[in-house]
Structures are given as C-alpha cells and as structure tokens.
Amino acid sequence: MTRETLVTAHRQGIAVLDGLIAHGRGEAFDYLLGEETSAPALVAERAAAAYLVTAKRPVISVNGNVAALAAKEVARLAVAIPARIEVNLFHRTNARVKRVVRALERAGAKDVLGLRPDARIPGLASNRARCHRSGIYAADVVLIPLEDGDRAEALGRMGKSVISVDLNPLSRTTLAATVPIVDEVTRALPNVARFARTMQKKPREAERIVRTYDGAGNLAAVYAFLRLRLANLVQTSRNQRSRAH
Ligand code: PTJ
C-alpha cells in the first residue's frame, strides 16, 4: 500500500523518481529493524519533542516523499509544537513546490512556506539551497525527515539543531544530525507529536533533556539493537532449519 501511495504521488508530480529509490532503501533498513519503533528510536523521538517545544523558531522541512506518505502527520505535529512548515525540495521546481504545498494544505496544514524563497542555505549549490528567511533560514531547530546528507550537514554548519528521521542508521544525514531518529516517518512523527503534547506541560523536563541529550550514545544504542536483532534472526533461522531437516 505504501509503495502504491508513492507511485501515485509520483504520477501526480509530488514525489520524484529518486524518491521511489529512496523509499526502497528505507524499506530494506526497516525489514532489518523489524518494522517497528525500536527502544532507542523512541528515546530519540522524546528528545526531538524536547528540542522542538523548547525552540524559539522550530521548522519542519517537507519534501515530496514526506508529503506523499505523512502529510497529515506533519500537519498534526506542527500544531502540537507549534512549528512552521516549509517545503524544501531537492529537485526543486515551482510547479512541484505548489503541488506539495497543496497536498499539505489538503491534510490540514496552515501557512505553509516554500513558494517564495528569499534566502539561501550557505555552502549548497543549486536550487535546493533556496529557503525562507522567516522559515528554515532563521530556524534554531529544524526537523528534516528523509533529507539528503549535504543539506543536513549545511544546516548543522549554520549552527542549527538538526533532527533527522531516516531509516538508514549509516546515512550522512543520520550521522550529522543533533538528534538522529532511525525510524519510519509515519511511525516517528506521531510519536514526536505525542511526546510534544506532554512535554508542553513539563518545560523544565524538556530543557533538561535538551541539556543532557547524547545523540552519539543513542546511535550506539541503535547499532546495538540491530546487532541483537540480527543475532536473534540467526538463532530463529537455525531453529527453523533444524526442525525442517
Ligand atoms: O522531494 P525531493 O525533491 O526533495 O527529493 C526527496 C528525496 C528523498 C529523493 C531526496 O531528499 C533524497 O535523495 O534523499 P536521499 O539522500 O535518498 O535520502 C533519503 C533517506 O530517507 C534514505 O536514507 C532512506 O533510507 C530514508 N527513507 C526512505 N523512506 C523512508 C526513509 N526514512 C524514514 N521513513 C521512510 N518512509
């Protein structure tokens, strides 16, 4: 069903072909992760909520894949924080930005930025550097689901706290993020929204998490989780084969 959703979004000019390849890569990692939110991912999602609710200018960056798969989840998260939404495309054309903005608005998003960029992310060539001064450019915390590595690194160099959502635990985006979330986007965003709603009532707790969060330690826990999962798969497969033969 998810694949069909993306193929349809491609036909509608929302997702690009490269987005279908990116989806396949994500799916492969999701099989390895067990297709559910791991304990370390949940810890990262709680930290992401803390960063977002304590931010002065939080922004959620949205591309074609995210609009295709998780427009409602983005709209709800933006309300829960509250945060601005900005459409920021790798393969940018004005027509595509319009379609992605419309898809988000249909899902309930308000005041979506992206159509009239007036600033550039330094150190990035081409159209993907274009952004809004009142959005990504001035943001202190940016949530970047399914982002490419160059832009994730460039946002980090601008001094922003970067929260990624990427199923690839080895991607440059994951490695560059302040809070890397290694989880599927439609699972991750509702979790972050849920944590954000409770965190709103506990600002001290949110500030403490931001002060003490250890992104590298969390990634180490993700790798340890993967190792354990693979070890369990080895054992299960051995047992099945010894019963069969
Ligand atoms: O719409 P555009 O023009 O902005 O282009 C969007 C894509 C996704 C094509 C562009 O940002 C891109 O090329 O990204 P990358 O470098 O392929 O990275 C996308 C990452 O998202 C990969 O590491 C995938 O493993 C991961 N990914 C794919 N689907 C999901 C995912 N992570 C979480 N949830 C998913 N559903």
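**Exercise 1. Strand β5 and its neighbours**

Task: In this predicted model, work out how strand β1 (residues 58-62) is joined to β5 and how many bridges join them. Then find which strand pairs with β5 over five bridges, and decide whether the residues of β5 are buried or exposed.

Solution: 
- Start with β1. Strands β1 and β5 run parallel, joined by three bridges. To locate one of these on screen, pick proline 58, whose bridge partner in β5 is valine 141.
- Now turn to β6. This strand also pairs with β5, in the parallel sense and over five bridges.
- Next, check burial. A residue counts as buried when its relative accessible area is under 20%. Five of the five residues of β5 pass, so the strand is largely enclosed by the rest of the structure.

**Exercise 2. The nonpolar cores**

Task: Find which residues have the most contacts inside the largest nonpolar core, and which helix gives the largest share of this core. Then list what valine 62 touches.

Solution: 
- The largest nonpolar core holds 55 residues, and Ile60, Val62, Leu104 and Ile163 have the most contacts inside it.
- Its largest share comes from helix α4 (residues 64-80), with eleven residues.
- Take valine 62 as a close-up. Leaving out residues up to four places away in sequence, valine 62 touches Ala67, Val74, Ile85, Glu86, Val87, Asn88, Leu89, Val100 and Leu104.
- Another core lies apart from this one; it has 15 residues, including Ala119, Ile121, Ala129 and Val162.

**Exercise 3. Helix α9**

Task: Compare the span of helix α9 (residues 185-200) with what its 16 residues should give, and find what covers its buried residues.

Solution: 
- At 1.5 Å a residue, the 16 residues of α9 should span 22 Å. The end C-alpha atoms are 22 Å apart, which agrees.
- Now list the buried residues of α9: Val185, Ala188, Leu189, Asn191, Val192, Ala193, Phe195, Ala196 and Met199.
- Their cover includes the helices α3 (39-54), α4 and α10 (203-212), along with the strands β5 (141-145), β6 (161-165) and β7 (179-181).

**Exercise 4. Rings and charges**

Task: Find how many aromatic pairs there are, and which ring the charged end of arginine 133 sits over.

Solution: 
- For ring pairs, centres must lie within 6.5 Å; the count comes to zero.
- Charges over rings are another matter. Arginine 133 has its charged end over the ring of tyrosine 137, 4.8 Å from the centre.
- Arginine 194 places its charged end over the ring of phenylalanine 195, at 5.3 Å from the centre.

Notes: Residues are numbered from 1 along each chain as its sequence is written. This is a predicted model: local features need pLDDT of at least 70, side-chain atom pairs count only at pLDDT 80 or more; totals for chains, interfaces and linings use all residues. Side-chain values use heavy atoms; hydrogens and water are left out. A nonpolar core is a set of buried Ala, Val, Leu, Ile, Met, Phe, Trp, Tyr and Cys residues joined through side-chain atoms within 4.5 Å. Buried means under 20% relative accessible area, exposed over 50%, partly exposed in between (1.4 Å probe, protein chains only). Helices (H or I, at least four residues) and strands (E, at least two) are DSSP runs, numbered from the N terminus. Contact means heavy atoms within 4.5 Å. Rings of Phe, Tyr and Trp (its six-membered ring) pair if their centres lie within 6.5 Å; planes under 30 degrees apart count as stacked, over 60 as edge-to-face and the rest as tilted. A charge sits over a ring if NZ of Lys or CZ of Arg is within 6 Å of the ring centre and within 35 degrees of the ring normal. The expected span of a helix is 1.5 Å times one less than its number of residues. Two strands pair if DSSP finds at least two bridges between them.
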